[in-house]
Every structure is written in structure tokens, then in C-alpha cells.
Amino acid sequence: MIRRISAGAFAVPAIIALCSSLPAGPAAACNRMDGCIHDAQLENYGMMHDGRMSEAMRSGAANVEAFRSAGTTVSRQEQPPSKPRKRTAGLSGR
């Protein structure tokens, strides 16, 4: 019983130390006073002026068109031909 308690007492600080040493991800990436909006604006400006944005837009449009054309052919192949429904007689007790 004492071994379990002592193992837990050593494990908890070790886990806390391990977790605190891991990076916080995108939240820790920017630690400036004014934030990282200027970096995003500069990247956007650069992409517009060196052609990367136009290339990305063309690539995206081509991907959307390919997805739509593949989706319509697949959906046409998967759907069985529709059968006409029989009309049922209306209420004849009126």
C-alpha cells in the first residue's frame, strides 16, 4: 500500500513536469505585444504579388471542378433508375 502511494507521489510531479515541457502549439507560437496579424498580412501581400495566390486559386478551382464531375458520375452510377409510382385510387367514400 505504501509502495502505491509513494509511486503515485513520484508519478504525479513527473507527469506535470513532462506536460509543462511540451510546447503549447499555435498559442505559444506568437508572443508579441501586437500579435501576429502583421505576419499574416505580409504573407498575404507577398502571395498576391508573387503569383502564389493566383496559382492556389486556379488549383483550388480545378480541384472543385474535378470533385464535382467525379461526384456526379458516381452518383449517377450508384442510383438505380427510378420506377414510376402507381397512382392509388382516392377516397371513394365521399
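**Confidence.** I started with the elements of the protein: helix 2 (residues 26-29) has the lowest mean pLDDT, 56, while helix 3 has the highest, 87. This is a predicted model, so I wanted the overall figure as well. The mean pLDDT of the protein is 75, and 60% of its residues reach 70 or more.

**Fold.** Next I looked up the secondary structure. I found four helices and zero strands, and along the sequence the pattern reads α-α-α-α.

**Helix 3.** I stayed with helix 3, residues 37-50, to check its length. Its 14 residues should span 20 Å at 1.5 Å a residue. The end C-alpha atoms are 20 Å apart, which agrees with that expectation. Then I moved just past helix 3, where Gly51 takes a positive phi of about 95°.

**Salt bridge.** How many salt bridges does the count come to? I get one salt bridge. Its partners are Arg52 and Asp50, with the closest N and O atoms 3.0 Å apart. Asp50 also belongs to helix 3, whose residues are 37-50.

**Surface.** Last, I turned to the protein as a whole. What share of the 94 residues do buried residues make up? The answer is 0%, with buried meaning under 20% relative accessible area. The accessible surface comes to about 9300 Å², and carbon and sulfur atoms account for 62% of that surface.

Definitions and conventions
Residues numbered from 1 in each chain as written. Predicted model: local features only at pLDDT ≥ 70, side-chain atom pairs only at ≥ 80, totals over all residues. Heavy atoms only, no water. Salt bridge = Lys/Arg side-chain N within 4 Å of Asp/Glu carboxyl O. Helix = DSSP H or I, 4+ residues; strand = E, 2+ residues; numbered from the N terminus. Expected span 1.5 Å × (residues − 1). Buried < 20%, exposed > 50% of the residue type's maximum accessible area, 1.4 Å probe, protein only. Areas by Shrake-Rupley, 256 points an atom, 1.4 Å probe, with all protein chains shown as cover. pLDDT = per-residue confidence, 0-100.
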